[in-house]
Amino acid sequence: MSDVTSPLPVVNHWIDGQEHVSNSGRTAPVFDPAKGVQTKSVALADASEIAAAIASAKAAFPAWRDTSMAKRQQILFTFRELLAARRGELAEILTEEHGKVLSDAAGEITRGLEVVEFATGFPHLIKGEYSENVSTGVDVYSTRQPLGVVGVISPFNFPAMVPLWFFPIAIAAGNTVVLKPSEKDPSSANWLAALFAEAGLPDGVLNVLHGDKEAVDGLLTSPDVKSISFVGSTPIAQYVYETATKHGKRVQALGGAKNHMLVLPDADLDLAADAAVNAGFGSAGERCMAISVVVAVEPVADQLISKIVSRVAGLTVGDGRRSCDMGPLVTEVHRDKVASYIDIATEDGATVVVDGRGIDVDGDADGFWLGPTLIDNVSTSSRVYTDEIFGPVLSIVRVPSYDAGLELINASRYGNGTAIFTNDGGAARRFQNEVEVGMIGINVPIPVPVAYYSFGGFKDSIFGDSKAYGPDGFHFFTRQKAITSRWLDPSHGGINLGFPQN
Ligand code: NAD
């Protein structure tokens, strides 16, 4: 980092294997949310910087594509070792800029590390197929090849894990990358790029371009960028999908969520209450797989609520560098927006059981605080129910039956994650079959699939048909060639204008 425009440090781009000092004259503030103060600025790229990042990736592509699999694998293994050894440094950056508590930051890095480990097995995952003698003397085989320069655009809530969902797989498969991180917590992307360089990644294979809509639009419209992997809110995901596909790109755009947890009367209510609290308030509810609605099948609601309330009373909120359960929200604007839903709940006739405003915190008074909030009797027409709030606000909706709960979940415009809590295997089996959601937990609250499966939802939670990482990841970042070959055999020559048949 170097300081070009203000007394605060500036987070600059990482282009062609080194820091690239921005001259755009535009920056955005980066806060320490637990202190409520601006600690850095981040550069916002202009057209020349966007072009420089794409050009760097384009120049690096031919040599990287042709680098042996063994060499690529060795660099990935070294990156994995460095990341595992130095994850503590990254966790501190995450906590300082995002606000999540250190243990949660460490968990995020572990899940990202899993994808690096998965990516090291890429030679097996991009193998082609071979069929001998499909016609006499004719063989057919396939090969999967990288796309070229690929763009990755990530959200604020997982500044390390979401980039790690994509760039290790893209790079393993032979692509070169321009990563555009969230401007709210930009430093971890530079840290990861510098670490990969230390592991031996050639210059230009992974570039970090900081910016806002201008940088995103530059990637979406550049003819040199062959694909876009986006994660963020639904309106922007849809915009990214529509714009980038219009410009001829392969696109995977993961959007927002409103995840329901269905609790049946036969569930273990202590387990369900633990799960609701962990998945509702972990990372201050700023997870795309957070549980934001508990759908309680009567008569469990009262008992479940009292168990949730007693657990919430034991939670400590404060600076993530101390031993707290929950940190602040990412910005003051976001905190105020999330808190405004508590007023909306009251106006819409819901019952605010626990109000997180004005709670005691173990941190600076100016931090962007909002404590765990629990709202009962939420109407499905209220914006508390229909909007993705993305904060520590957990709604309870009471329903009379499993069928009513299922209907509610399936009527949601989102379909990212869901969970069912029950001791009835038949009900759980029905649920996994009938629910229109991409990732399902059965007595598991945050069912983020392991790295060798793929991550993604249904409906307005994803645009495009490729999920993140796992087998879909390698499929997305490669394209297949099918080769039909015949080595000279004079007996098969001759003129024949008919369509080739075997
Ligand atoms: P966001 O949509 O505001 O921003 C995501 C990215 O898009 C950022 O890099 C940002 O700079 C860029 N961006 C913002 N506005 C833009 C615009 N008008 N034009 C072009 N680019 C723009 O999302 P966020 O607030 O950073 O992240 C939270 C959201 O991400 C939530 O909705 C959450 O559910 C979602 N999310 C989804 C998943 C998933 O896997 N489905 C995972 C994590 C987060």
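These legends walk through several close-up views of a predicted model.

Residues are numbered from 1 along each chain as its sequence is written. Because this is a predicted model, local features need pLDDT of at least 70 and side-chain atom pairs count only at pLDDT 80 or more, while totals for chains, interfaces and linings use all residues.

View 1. The chain averages a pLDDT of 97, pLDDT being the predictor's confidence in each residue, from 0 to 100. A score of at least 70 goes to 98% of the residues. For the complex, the predictor gives an ipTM of 0.99 and a pTM of 0.97. The C-alpha atoms fill a box of roughly 85 × 60 × 40 Å along the principal axes.

**View 2. Two nonpolar cores.** A nonpolar core is a set of buried Ala, Val, Leu, Ile, Met, Phe, Trp, Tyr and Cys residues joined through C-beta atoms within 7 Å. Buried means that 20 or more other C-beta atoms lie within 10 Å of a residue's own (12 or fewer is exposed, in between is partly exposed), with C-beta atoms placed from the backbone. The largest core has 86 residues, and Ile169, Val177, Val178 and Val240 have the most contacts inside it. Helix α6 (residues 161–172) gives the most to this core, with 10 residues. A second, separate core has 68 residues, including Val330 and Phe421.

**View 3. Up close with Ile169.** Which residues does Ile169 touch, not counting those up to four places away in sequence? They are Val115, Ala119, Tyr469, Gly473, Phe474 and Phe477. Contact here means that two C-beta atoms, placed from the backbone, lie within 7 Å.

**View 4. Strand β9, tucked inside.** All 5 of the 5 residues of β9 (residues 176–180) are buried, so the strand is largely enclosed by the rest of the structure. Thr176, Val178 and Lys180 are on one side, with Val177 and Leu179 on the other. In a regular strand the side chains alternate between the two faces of the sheet. Strand β8 (residues 149–153) runs parallel to β9, joined by 5 bridges, and Val152 stands opposite Leu179.

**View 5. A three-stranded open sheet.** Here 3 strands line up in the order β1-β5-β4, with mixed pairing; strands pair if DSSP finds at least two bridges between them. At the edges are β1 (10–11) and β4 (27–32), each pairing on one side only. Strands β4 and β5 (residues 37–43) run antiparallel and share 6 bridges. Look for Pro29, whose bridge partner in β5 is Ser41.

View 6. Val293 lies in strand β14 (residues 291–297). Is Val293 buried or exposed? It is buried, with 25 other C-beta atoms within 10 Å. Leaving aside neighbours within four places in sequence, Val293 is in contact with Lys258, His260, Tyr385, Ser395 and Val397. Leu102 is 191 residues from Val293 in sequence and 26 Å away in space, C-alpha to C-alpha.

Key:
Helix = DSSP H or I, 4+ residues; strand = E, 2+ residues; numbered from the N terminus.
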